[in-house]
Structure formats: C-alpha cells, structure tokens
Amino acid sequence: MSHDHAHDEHAPHAVPLGFLALIFGVLMVLTFVTVGVTKFDFGYSMNLVVAMAIALVKALLVGLYFMHLRWDAPINGFILVASLLFVTLFISFALLDTGAYAPTQAAAALRGSTP
Amino acid sequence: MSVIPTNPSPPSAPGTDVVKAKKGLYGDEDNYITHGKGILSWLLTIDHKRIGLMYMVCVLAAFFIGGIFAIALRTELIWPGQTLMPWAEANTNWKLYNQLFSVHGAVMVFMFIIPAIPAILGNFALPIMLGAKDVAFPRLNLLSWYCYVGGSLFFLWILTGGVVGTLFGLENMPWYFPKGIDTGWTFYTPYSTDTNTGVILATMGVFVLGFASILTGVNFIATIHMLRPRNMGWDRLPLMLWSLYATSVIQILATPVLAITMLLLLAERVLGIGVFDPAKGGDPVLYQHFFWFYSHPAVYIMILPAMGVISEVISVFSRKHIFGYSFIAASSLAIALFGFIVWGHHMFTSGQSPLLNSVFSLLTMSVAVPSAVKVFNWLATMYNGKIRLDTPMIYALGFIWLFTIGGLTGLPLAALSTDIHYHDTYFVVAHFHYVMVGSTLFGFLAGMYYWWPKMTGKMYNEKAGQIWAWMVFAGFNLTFFIQFIAGSLGAPRRYADYDPRFWKYHFISTLGSYVLMIGLFGVLYNWVSSWRSGKKAPANPWGANTLEWHTPSPPPHANFEDGHEPEGVPPYDYDGWDYVSEEEGYVRKEGYVYQGH
Amino acid sequence: MSTAHSDHDHPAHLAHHFETSAQQMESGKLGMWVFLATEILMFGGLFCAYAVYRANNPDVFLFAHRALDTTWGAINTAVLLASSFTMAWGVRAAQLGQKKLLIGLLIATLFGGAGFMLIKTVEYKAKWDHALFVGPSNAYYHDNGTLADPGEAAHSSEYIEKHGDTDGGHGGHGDDHGAGHGDAHAAGHGDSHAGDHGGDHGAQADAPAPAASKIAAPAAPPTGLHADLLTHKRPVLGAGESLSTGIGAIQASHKGSHYPAFTELDPLNTNRTHIFFQIYFAMTGLHGLHVLIGLGLISWICYRAGGPMTRALLVPGLFVSVGIYFVFVWWLVSANSGWFPTTALVAAVLCLIAGALWGAKNVALTKPNPDADSEFSPGYYTPVDCVGLYWHLVDLIWIFLFPLLYLIH
Ligand code: HEM
Ligand SMILES: [Cu+2]
C-alpha cells in the first residue's frame, strides 16, 4: 500500500445532523429562489446565467457536504472537477462549431439561395 | 485443466495420452492455471490472471474473425470488377463488400484492438507488477469479461445474419434478423438511420462492449492508486503501468460519450427522435462530433498500452536503464489529454466550420510532440545498449519504425489543404493501419512474446518466433505501404470496384495481405506448440526487474509465494540479476542493494 | 476469494487483496468516483445536444418548454433533495452504527425516489394526452420537411400557450400574448381539424398534409436546409450575417418576457420544435432510469443493513410498492381506451397479490436469527457510502435538468 496517501485509521467522519439539515434547508431555499427569480427578466442570456449560477451553488453544496468531498481524499474531488471540465470542453467545441455553421444555413435558406 | 485453445487431438495412442491427461501440461505443479479444476473454476474465477487468459482466448477469436473479413476484402480488390461473388448480380457483390468492411472495422476496433493489450496483458500483468494480489475490484473484472462476451455476441448475431442473408439473397429483414451491417464502423448518420441493416444490434453491441472497457479502466485506476506496495511511489511505477493508467483515464472520460452516442442512435433508429437525422430537423455533423469525441481518444486507447509495452521491452532488451523515464511517463498523460482536443480532424470535409477546422488542425499537429518524445527516448535508450534481438525486441523495433511512418503521415492529414485531397483515400487507410496494425498490433505481439513465458510458464521457439516476426513485418509493409502511393494518386477508400489504373497497387497490397496472414498463423502456431510442448520457463528469462519477474512462471494463485512480501524496486535497474545458464534465465544476486537511480 | 489464502486475522468484510479496512474503503470510494465520472460524461453528451439545439433555436425552446409543468418540476426537485438529505443522514447513521435509524432512513429515501417517479409519471401522462410525446407521437414531428398533422400541432400549440400562462412558475408573464395566440389558433386551425384529430398520434408520418393547413408555411425553406445537409454542401455566409446577429435579433425580440407562439417561430426552426421534446424525454428518461437503478441499489443496501424481519419483508414490500404504482397508473389512464388501462390493472393486481402472499409466507417462516444481522458497522459501511454517492449524483443531475428544461425565459 502506498504511502503518499493518508490512510490513518481515523474514525469515520460523521457529519453533524444539524449541519446536514442546514444544508438541506439552504438547498430548498435555493430551489424556491430559482423558481421565483423567473419573475424577473434580466435578458435571455442573463436569465440562463442566473439559473445556472444557482444550480452550481446547489451542486456545490451537495458535492461538498452530502457527498463529503469537503473531508474526502482530494483525488475524489479532482475526478469530479476533471469530468466536468471534459464535459465543458465537449460542449464548447460543439457549440462553437454549430454556432458557426447553423445560422449560415438558415440565412442562406431564407434568401432561397440553397443550391 | 485449462482453457488452452489447444486441447490434445483425439486420443489416438491411449497409453501415452492417459498419462498426459493426468499430468496435464504442468504435472502436479501448483500454479494459477492448475489451481482450480473444471470449466466453472474459469467461468466464475475472479483471479485477474485467469480473466486475462479468458480475454486472450476471446480477443484472439475476434482477431481471427476480423482477419477473415480483411482477407475477403483484399481478395475482392485483387482485380477490378466483381471478384468475390462472380456468379451473383453485381449489386449483391457490392453490397457484400460494404458489409465486409463494416464488420471488419467494427470487430477489429471494438472487439480486438481496444481490449487487446489492456484486457489481456494488462489484466494479467498489472497487479503482479504492483506486487498486489489482485485488481481492486475482482468481481467487476469478471463482469467486464462477461460484458465483452455479451457485446461480442451481438456482432456474431449480425454477422450470421449477414452471411445467411447474402447467401440466400434475402432483402428487408426485420431488425432481429439483420442482413449484416453496412455503415462502416463509424455509423454515420443519416446513412445509419436509413439503411436496413443491423444498426440496432450493432449499437447495442458497442454499448455493452463499452461497459467492458469502462470496467477495466475503473479497475486499473483504483488499483494503481491504492494497491501499490511499500517503496513504490509514482516514480517507481513501471512505464507499462503509466501508460495503462493514461489509457484508463481515456477509457473513463471518452467511452461514456460513445455510450450516449449509441443510445441516441438507437433512439433515432427505434423512435426516430431526429436529433441526428437531417430529414427530421437533426444535425448529422453533430453526430460526428459525438462519435469522434470518443473515437479519436480511442485511437490513444489503442496506441498508449502498446507504447507501454515497448518502453518495457526496449529497456530490457537493451540491458540499459530507460532513458528519460519521467518524460516517457509524462508524455503518456500528455497524449491522453491532448487526445481529447483534436477530434475535429476527422471532420475537415464534413461541413465543420472553418473556425474549428483551423483550430483542430493546429491542435492535431501538437499531438505529434509527445509522440516524438517517446520515440526519441526509446532510441536514446538503445544507444550504447547491449541489444538482444529476441522476438519481443524485433516487434518493438518494428513498432518504432512503423509508428514513425504512421505518425508522420498523420501530419499531412492534419494539414487542412492536404487533407482535402487525402481524405477518404487509401492514404488514410494506410495511415491508420500503420498506427493500428503496424504499431498497436506489433506492440501487442511484442507484449505477448515478452510475457508469454510468465503467462504460460513455457518458452516458445525463439528461432521460429523471429522468422514469423520478420514475415509479419514484411507482409504488413507490402500490404500497406503501397496504399500511401495509391491514395496520393487519388484511389478512394470504401469502394468495391476501382479504376483499372489502380490495379497494380491493389494487386500488390492483396498479395501482401496473404503474406501477413501466413505470418500471423505462424505466430499462432508458435504459441500453441509452445504451450503444448515448450520448455519450462524460468522465473526471469529476460533479466527484467519489474515485479512480475520476481515470482515463478507461471505465478502461483496468490501471485507471489507465501511469505514473499513484494516491495517496490527501481524497475529499470538490471544490475541485481545474474544470468545462470543451468536455469536458462536470470537469478537475483545475493544481497544486492538497490541504489535508487 | 479463496479461503485457502485469506488471512485469519482479516475481518470478514475485508477482501483478501487489501491489507486494511481503510485501504479497502478508500479504494471503493475512489472506484465509485471514477464511475460517477463516467456517468457525468454520459449525461454530458445529452447536455451537449441540449446546448447545441437551444443555442441555435432559442425561440423553439422558449416556445416549447412551456408545455412542461414548472410546479410539478419544482415539487420534484424538492422531493429529490429531501431524499438526498435522508440518504446523507443514512450514511451518518451507518457511520455511527445506528442500525434501526439507518433502515428507516433508507426506506424514507426509497419513498422519495418513488415519489419522484410518480410525479414524473403524471407529467409524462400529460405530454401523452396532448400529443407531445417522444418520437413520432409528437404533434410537431417533422419528417422530410412536413408536419405529420398540422391540425394536431395547432391543438398542441394552443395547449402549450395556455398551459404556459397558467403554470405556477411563470404566473403573470405574457398574459397578453399567449391568450391572443391561443384564440387565433382555435379559430384558424383547431376547428377545421377537429374531425381528423383521432386518438392515434403516431403513425401518420408519411401522410402529406393538406397544403392549406400548413402552419406558417414552413415547407420550402426547411427542404432546402435538408437538401444541403444531406449533400454536405453548405451555402456561403452572406455579408453581415453571423451567429451573433442572429442571436441578437432573437434576444431583442424576446425582451420583456415575451414567449413566442408557434406561429411566430422562425419557419426554419419549426422543424426542430419536436426536437425539444425528444431531448426532454431523452434527458429525463435517462435520468429516470438512473432513479430506478438507484432505487434498486438502495433496496439492496437496505436488505444488507436489515435484521431478519427487514430481510423477510423487503422484497415483498417492493412488489407491493410496484403494485401500488400500477394502481396509480391505472387510475391516471383509466379514461383512455385501448389495452393500456387493463394491462396496468392486471399488473397491479398481480404485483399486490404476489407481494402479499410472499410477505405472509416470509413472516410466517422467519425465525429470530441472531446471525442475520446488519452487515454494516462503523468499521464497514462502504456500500452505504457508495450507493449514497450514486444517489446524490442522480440528484445533482436533476439540479441542472430542472432549470434547463423547465425555467427557460
Ligand atoms: C501521431 C499523430 C497522429 C496524427 C497527427 C493523426 C492524424 C489523423 C488525421 C488528420 C486523420 C483524418 C484523416 C482523414 O480522414 O482525412 C486520421 C485518421 C485516422 N487515424 Fe490518425 N493520427 C495520428 C495518430 C493515430 C494513431 C496513434 C492512431 C491509432 C492507433 C490513429 C488512427 C486513425 C484512424 C483509425 C483514422 C481513420 C478513421 C476513419 O476515418 O475511419 N491515428 N489521423
Ligand atoms: Cu483522430
């Protein structure tokens, strides 16, 4: 067994119940907020950003506290972050590409100039 | 008994055979092969070594099937015009050709080359190289094998349907009786949404095979992280394990995207959801993004393990510490990561936007850097070494040579202007066969010969091994080098017929494929006869120092003998071993102390 | 594991190839996280398809998402969060050796997951009723440039626009708009097609629609679009046309929470309206499948955590639950004709009977057996932890799905 990881035989880290309940409460509040905030309009893109920001905070809370990443071996959190990065990579390249060719077609088709 | 593919021929001479059957191939030696008896002790085993052997039997069978299709393809192309089914209507013949190259590609990629090195050699060697008793999750490892078999059954199903359908001229069969598959191994939409061949079964097969691959990856990552022995930090990890680690990272991050691609394609076929089908408002170029986000990294799933094998073999057979250990290790990770940002080079002519075309072109060229780092380090390792040209080393040298050609021809394909000309010609076919067959297959053969004594406990016939190796090398080059020329002249790929001016290229290529086939059968014969009647292998025939050579050949069930607590050693320090001629192998020097390196 | 080789000082739960419990536990967790990474990448593909279609057809998404029920979606989010909480609490109970509490919390989690699926069923049922289902059973289904049944699409549009306005989350938006268009539809298209709007939403893919009833006449341009997609030829970008101007124009037209009506969609995009629903079903369907798998895993953990009584009752209990679910489904669809309601009822009855009989038998035959106790202890609870991680991941994905699908504005 390797020794660059800490494997000390510590007792399991049980998260205090009150703290779990607190996180749950915050998550519920954020759910209300994300629905409620649709009453306000910040513009099409900003609305998306706001919704995603709230979702990200919720995800962080779940990840850090419900999934114990806060106290876990850092590698586990690293795996999560890395997988999200690769998803981002995939989506952004695909978006860049379709964004560059899709409206082209649309515009040309509107002019009726398709070959 | 074992599941060796070489069960003794019918009991002709009862007297001797009974003795043989009783003693088996190993007498009453207790090793992992003899440790449990009966077929169930194999099918239910969770011993990584046995799972490696079971993978070996199945993967070689897949290679055989894929190979038959390859020979059929080349035979069709030996003359212009209809060759395989001269009696049939021309259309039947052409359709048959489409099915041949599709099944060939899919079987070779998903059933042979991706599992070949990780699932056979990796499964067998990885835990022992770590001094561990098993992989971290032995049951998942067995499940991986079952996924492999299950996924492969889908392809056998398609294949049977194709053979029966073609022979009896059946048309428009239901999905559960598909007439082969004719989309190519890439299943591009909208063709795959329109064809009436077995796309549904093929996507299910690929999906299940993907699970096999993922489970192997999960296991290797957890094992390398958690089961290293005392004194083995990351800097003493054999390079084979570094490359298996990098491979697993790709398997984890890329294969799930293939899975969802296949699920969406399945939904497209079954429900017609239209996400990829232009007739329904979908985007076929998006399909290609999905497909290549997996399949380009997948070519590194194929090549990285081979590079790991080569790093071991080059160092051992040069009797020299590997040159640039950390560079080779780091370049494995770099290749794994870079592999994820170049997929668009398969889409230069698909209608991908000019912006992404140029970005992907640039990024693709950068992958050549870590690849070259490896090649130069191997060459530097050999420099001034005491080189032994045993069979594994011949394959390793072949690898370096062929990988260099394959990699360098990737560059004109990565350049936008030249790719417009080369795309979908035989130049591409030659390129990827140089990297997949010339490199990965050669790496696989090098590894099989290198670990053969460890896996089976038998030595193979060295002379014969070398002769077959040269034949494979010659046959391979004869088959594929000329395709670079044909491709440059504009010969398009994936056509059953061709302009007669390409005839001599195709003719020579086909002859080469026959030579290659004979060479590979020779290799198989070499292995089979070695297993049946080879000399007993010493624990360390090569004088290597990674931990699997610190235990008997074949290893005991628990990998190391009782009481032997393996510890990490500098994997490329060969000074601790002396050649002992009575043993025909190397024996550890008494009291040798590793200096570090 | 071979008995011959396992050391005798190893505790029973420690596999032979690990040295310590801590090492085994860390390995299990690491493996689980690596597996979760594969799940994230797999869903990543769906998020990618979503992003591409939404970015290029924003008005389609603005229009079509109003078919979804924000209230139910929000309730479901809460339900799933609550079950995540009970699961996290359950892991704590396992760590502290609170065996009874652990079982209770696992069962609570099971109820949460089941509730989620029930609500999902209600939502799917509504889509089915309004011809907004997956595949060709979608009123907007386009094949080769034609809507299968424009009359049906008009009905669905009317429903979507009305529903979007009354749905809780969006209350108050665009009242002026939706109502107006709803009426227009009813007058213009709805009546003339009332006759041929039959029960079968699916099979008319090939029937050519009467030209007069084409909504916003989308036929010609999309055909051109398909043609060049098929031949891989792309029209050249005209001067001044770019992605940003396209999106900008769309954004400008949606300032002030304006939801487009179906008739207002860019005719080039109408053929992608059904794709919103296809993606919705792909995403929520795959997510729902994960919920089901999660329920299975939690049941398995519950079985291993339980004493003799829990073990005797768990599987029969699952049968009864599935039976109750089918009763519910039957109740939902009982007004429909066809084979489905009867089948649901039969399935319900069978499950209930099987569960009851099996449970009775198990209870009658179970003897108190001190050995069949919880497998878990503060020294060994890795399976609880790993299943918990899986369940939280299912929750995490929903946390993103909910705003992306239900809260577009
Ligand atoms: C060393 C750097 C490499 C570069 C720069 C490179 C570049 C390329 C490019 C640009 C193409 C697309 C050609 C076209 O379709 O027009 C291509 C195709 C291909 N490459 Fe490579 N490649 C490299 C290494 C590899 C390796 C290591 C493998 C596999 C082990 C591989 C396997 C393939 C395959 C299978 C295809 C064709 C796929 C198909 O269309 O069916 N390549 N390569
Ligand atoms: Cu590539």
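The iron atom of ligand 1 and the copper ion (ligand 2) lie 4.4 Å apart in this predicted model. The model being predicted, local features need pLDDT of at least 70 and side-chain atom pairs count only at pLDDT 80 or more, while totals for chains, interfaces and linings use all residues. Residues are numbered from 1 along each chain as its sequence is written, chains are lettered from A and ligands numbered from 1 in the order in which they are written, and side-chain values use heavy atoms, with hydrogens and water left out.

The iron atom of ligand 1 has a single donor from the protein, B:His431 (NE2), at 2.2 Å. Donors here are N, O and S atoms within 2.8 Å of the metal (3.2 Å for Na, K and Ca); water is not among the atoms, so sites may look incomplete. B:His431 is placed in helix 14 of chain B. Helices (H or I, at least four residues) and strands (E, at least two) are DSSP runs, numbered from the N terminus.

B:His296 lies in helix 9 (residues 284-318) of chain B and B:His346 in the loop between helix 10 (325-338) and helix 11 (354-382), so the pair ties together parts that are 50 residues apart in sequence. B:His296 is buried, with a relative accessible area of 4%, whereas B:His346 is partly exposed at 23%. Buried means under 20% relative accessible area, exposed over 50%, and partly exposed in between (1.4 Å probe, protein chains only).

Ligand 1 is surrounded by 19 residues, of which B:Asp419, B:His423, B:His431, B:Phe432 and B:Arg493 are the closest. A residue is counted as near a molecule or strand if one of its heavy atoms lies within 4 Å of it. Helix 14 (426-456) of chain B is one of the helices that supply at least two residues of this shell, along with helix 9 and helix 12 (391-414). Helix 14 gives the most, with 5 residues. By class, the shell holds 10 nonpolar, 7 polar and 2 charged residues. In this division Ala, Val, Leu, Ile, Met, Phe, Trp, Tyr, Cys and Pro count as nonpolar, Asp, Glu, Lys and Arg as charged, and the others, Gly among them, as polar.

For B:His431, a polar side-chain atom lies 2.8 Å from a nitrogen atom of ligand 1.

The protein contains 7 cavities of 30 Å³ or more. On a 1 Å grid over the protein atoms alone, a cavity is a set of points where a 1.4 Å probe fits but cannot get out, and lining residues have an atom within 4 Å of a point. Grid points are joined across faces, edges and corners, and a volume is the space filled by probe spheres set on the points. The largest cavity has a volume of about 130 Å³. Its lining comprises 17 residues, with B:Phe110, B:Ile114, B:Pro115, B:Leu209 and B:Ser213 nearest the centre. Helix 4 (90-129), helix 7 (199-226) and helix 8 (239-270) of chain B each supply at least two lining residues, and helix 7 gives the most, with 6. The lining of the largest cavity divides into 12 nonpolar, 5 polar and no charged residues.

Several backbone features occur in loops of chain B. Most residues other than glycine have a negative phi, and most peptide bonds are trans. The peptide bond from B:Thr189 to B:Pro190 is cis, with omega near 0°, and B:Pro190 lies in the loop between helix 5 (138-167) and helix 6 (191-194). The bond from B:Ser553 to B:Pro554 is also cis, with omega near -15°; B:Pro554 is in the loop between helix 16 (503-533) and strand 1 (577-580). B:Asn384, in the loop between helix 11 and helix 12, has a positive phi near 65° and is exposed, with a relative accessible area of 69%.

Notes:
1 Å grid on protein atoms, 1.4 Å probe; cavity = no way out; pocket = protein on both sides within 12 Å on 5 of 7 lines; lining within 4 Å. Polar contact = N/O pair within 3.5 Å; in protein donor to acceptor, adjacent residues only side chain to side chain.
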